[in-house]
Amino acid sequence: MTDEPPMTASSARVSDHRMAIAWAKLDDRARDILARRTAGQTLEVIGMAHGVSRERVRQILRDTEVALATLADACCPEWRDQVISQAAGAVVIAEEDLDEIPTAGIAEIKQTLLRHVGLHPSTTWAGRIDDLWSLSSTNLDRALRRLAAQAPFPSDELREQAVALGIPVVVPVERIAMHPSSPLTRDSRGHWVRRRAEQRDAAYLWLTREGEPREATRLAVAIQATSVRAIEEGMRRDERFRKLQPEGLWALTEWTVPHTSGHGNALDAMIEVLRETAPLTRDELFARTAQRYPVTRSRLQQCLLSDQIGVVGDGRLDLVENGATPVEESEPRRPPTMVIDATGRVLGVRLAVDRDLLRGSGVIVHPWLTWRLGLRLAPSSRNFRLRGTDDILTVRRTTSAAQISALRTLVQSKGVTMGCQLALLLRLDDGEADLRHACDPHACLARAERAPSSARNVSRD
């Protein structure tokens, strides 16, 4: 191929002008056929619309493509090689990135020329995506299915995993993954799991976050499994899980802890690594820790909140006992379930009454609460006295979660039931806490159940 001088702005305008004239000179039928083909209609449907055979439609498309491509070659001789070169090494390329094609801004010309050089719109389980092109229409679908096969992923890692497989950021991965025909779905916590292994994948992610073996009953509640027996049977058939005896706890097969490695959790393993070889960069520390205690990168990131780990002058990580400065948690985005009053002295948290809360488990909350309370290292906690009682409520920050101590007894005294809403008020000036029933009085199941039968009958009348 001979070297061609780059197109100047003026030559590009001339090329676009010539392409626009060529488009205008096409007869109405040819333009309509190209427009219909661009919209994805089949040859047969187009033929029926114009009263000709599908073979005649094919001929018109071929002749028009050749005419437009010949003119494009005259305007910009290098456009073919540039397009094919871009497509050769990519899963897909966005139509908007193929701006070297002389098209006069007419979408039908651009897509006609792309088809002419052998590119195809992408087709996935969510249907055809007209503005993403590749040398094979199934390239993107195959890449997305490889992505789905690697699930499960935490809620915020889908895009990262897709990019690692070469799927460009322009691909609307989440929208495609949420399609009803997708092999992926989102579990009760918003994580991406495989549709055919939803509960087992949810269990895998939960155990990964916990970092330690757990009881099946606790696991089932956490992932909202319909049956403890069913989830245990599913894990028994899944090679990713193993049941530890005689404790009866469930663990991940990939773990070498706690019974064989001597580490109780990921933080213990990380501290041991730093004691042996420190300081280390974040990537070095994560890689060496994961060799001893295989957990996700997000779990390792959480361990950096420990008050035993900090950063030294050159940015590497070391132990605080060696002089490193602890790294405090940066402010997370405030969730809609939490508010702070104008004075900054009262924090409000909306809580849903669910199985965990009624069971007496500690309540997992968004880490914005602990950050706002100044609990920016782990472990750290703050106590509040429940108004009108001598009971103490504790808000705690650990490396793996932000948590409020069990509220079961207090909740039961409020006469609420599953599905009710509560408002927890934390007063920062006097250290008091107040828990209130926050349901709409006209839509509260607990109030309806307590109402006298006569009152219920009147309300129905």
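**View 1. Burial of strand S18 in the predicted model.** In this predicted model, strand S18 is mostly covered, with 5 of its 6 residues buried. The strand spans residues 432–437 and runs parallel to strand S14 (residues 380–386), to which it is joined by 2 bridges. Across this pairing, Arg 385 stands opposite Glu 432 of S18, while Leu 386 stands opposite Ala 433 of S18.

**View 2. The hairpin of strands S17 and S18.** Strand S17 (residues 421–427) runs antiparallel to S18, and 6 bridges join the two. Leu 422 has His 437 as its bridge partner in S18. The hairpin has 4 residues between the strands, and Gly 431 takes a positive phi near 70° there.

**View 3. The open sheet that contains S17, S18 and S14.** The sheet is formed by 8 strands in the order S11-S12-S17-S18-S14-S15-S16-S13, and its pairing is mixed. Strand S11 (338–340) and strand S13 (363–365) are the edge strands, each of which pairs on one side only. On average, and with direction ignored, neighbouring strands of this sheet are turned by 25° against each other.

**View 4. The buried residues of helix H14.** Within helix H14, which comprises residues 282–292, Leu 285, Phe 286 and Thr 289 are buried. These residues lie on the same side of H14, because they cover an arc of only 95° around the axis. The elements covering the buried residues of H14 include helix H13 (266–276), helix H15 (297–303) and strand S9 (317–319).

Conventions
Residues are numbered from 1 along each chain as its sequence is written. This is a predicted model: local features need pLDDT of at least 70, side-chain atom pairs count only at pLDDT 80 or more; totals for chains, interfaces and linings use all residues. Side-chain values use heavy atoms; hydrogens and water are left out. Buried means under 20% relative accessible area, exposed over 50%, partly exposed in between (1.4 Å probe, protein chains only). The arc is that of the directions from the helix axis to the C-beta atoms. Contact means heavy atoms within 4.5 Å. Two strands pair if DSSP finds at least two bridges between them. Axes are lines fitted to C-alpha atoms, for helices over the stretch in contact, and angles run from 0 to 180 degrees between N-to-C directions.
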